[in-house]
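Colleague: Could you walk me through this one before I start on it? I'd like to hear about the salt bridges and the helix packing.

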Amino acid sequence: MTSGPQTSGSRLASRFGLNDRVFATPGARRLVGKVEEGLERVEAGLADDLRSTDRLVDATARYLYEAGGKRVRPMLAMLSAQLGDGATEQVVTAARALELTHLGSLYHDDVMDEADRRRGVPSAHAVWGNSVAILTGDVLFSRASVLMAELGTDAMKLQSETFERLVLGQMHETVGAGEGDDPIEFYLQVLSDKTGSLIAASAHAGALFSGADERFHEPLRVFGEKVGVAFQLMDDVIDLSADAATTGKVPGTDLRAGVPTMPYLLLAEADPALKARIDEGAALIADGAAPETLDDGIAALRDHAVTARTRELALEWSDAAAAALAPLPRGGVREALTRFAGTLVDRSN
């Protein structure tokens, strides 16, 4: 299968800067073509994975998938696979499973965060209710496990360990930092577990199931984990954006739900008064006040120096991710992975 310029794979590759003049050499174009071909196969597989003879499940399971998405995890798996035999059937299957795991986690996250929108559409729980949204996430997790089981013990171990970290990250975010915990370090660990672990698993899976040299596995895993933290830190900045039409989310969704973000945590030292103001607004919302109660506080935080500092932190984690690639051979794959890391934090939504 080849990918034309209007295919989803081509659009995804372009989104991550893999179609620009840096990749204009014949070898680089072949690399991009292989990545796009692999992504096309993942997309086709996901469409099949999400179909169901049960009408309700068929509608709910496909809902967020059809709303769009960056397909960060499949893209990373396809890139790391180019260090081995490329997008083998095993790589494509693993990428599908990990993307299904990610999709399932979104259904659960939106319920826990009481998010009204996701990917520009009403969240699943807003359409069908909390119970159906949670159970839909469970269906997707089960389908991901079935796919990984096809690949053997190593794949199941990777899936199980990653899933445990996703749950622990969500649990720790829900409970919050304990006495004696550094709030910033605690939060970064939550990001590593909730977001970094799954992106790390995708990078690892691409190498593992393509037969890439085992020496590359750990650098790719570290790269993926750091990229995941960078990605989420930038999401904290985007969460404050006033342009809901672009982001697909109500500005300050996390803070309105009482979920801390890095800009908010940095206020503890930088601006305790603004932090107290946001805390008061979030408490009022929890007691039934309108979400608009926090509009002024979110606008102030959007323009505050701590938000600019969060963007800087995202870039620092992105740079650290790129540095982790040093053991990989120089060439198109390493360059593409480096560009991948930079593009994830150079975005508006």
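Modeller: Helices here are DSSP runs of H or I with at least four residues, numbered from the N terminus. Bear in mind that this is a predicted model, in which local features need pLDDT of at least 70 and side-chain atom pairs count only at pLDDT 80 or more, while totals for chains, interfaces and linings use all residues. Residues are numbered from 1 along each chain as its sequence is written, and side-chain values use heavy atoms, with hydrogens and water left out.

Colleague: OK, and what do the side chains of Asp279 and Lys275 meet in?

Modeller: They meet in a salt bridge, at 3.2 Å from N to O; the term requires a side-chain nitrogen of Lys or Arg within 4 Å of a carboxyl oxygen of Asp or Glu.

Colleague: How many salt bridges does that rule give?

Modeller: The count comes to 20. Another of them joins Arg62 to Glu66, whose closest N and O atoms are 2.4 Å apart, and these two residues are 4 apart in helix H3 (residues 55–66), so about one helical turn separates them.

Colleague: Is Glu66 buried or exposed?

Modeller: Glu66 is exposed, with a relative accessible area of 53%, whereas Arg62 is partly exposed at 23%; with a 1.4 Å probe and protein chains only, buried means under 20% relative accessible area, exposed means over 50%, and partly exposed lies in between.

Colleague: Which residue does Arg309 form a salt bridge with?

Modeller: Its partner is Glu316, with the closest N and O atoms 3.0 Å apart. Elsewhere, salt bridges that share partners join Arg165, Asp193, Glu218, Arg221 and Glu225 into one network.

Colleague: Switching to packing, at what angle do H10 and H17 cross?

Modeller: The axes of H10 (residues 217–238) and H17 (residues 332–345) cross at roughly 15° and come within 8 Å, where axes are lines fitted to C-alpha atoms over the stretch in contact and angles run from 0 to 180 degrees between N-to-C directions. H10 and H17 are therefore roughly parallel to each other, a label for angles under 35 degrees.

Colleague: Which residues make the contact?

Modeller: With contact meaning heavy atoms within 4.5 Å, H10 contributes Leu220, Phe223, Val227, Ala230, Phe231 and Met234, and H17 contributes Leu337, Phe340, Ala341, Leu344 and Val345.

Key: Angles under 35 degrees count as roughly parallel, over 145 as roughly antiparallel, 65 to 115 as roughly perpendicular and the rest as oblique.
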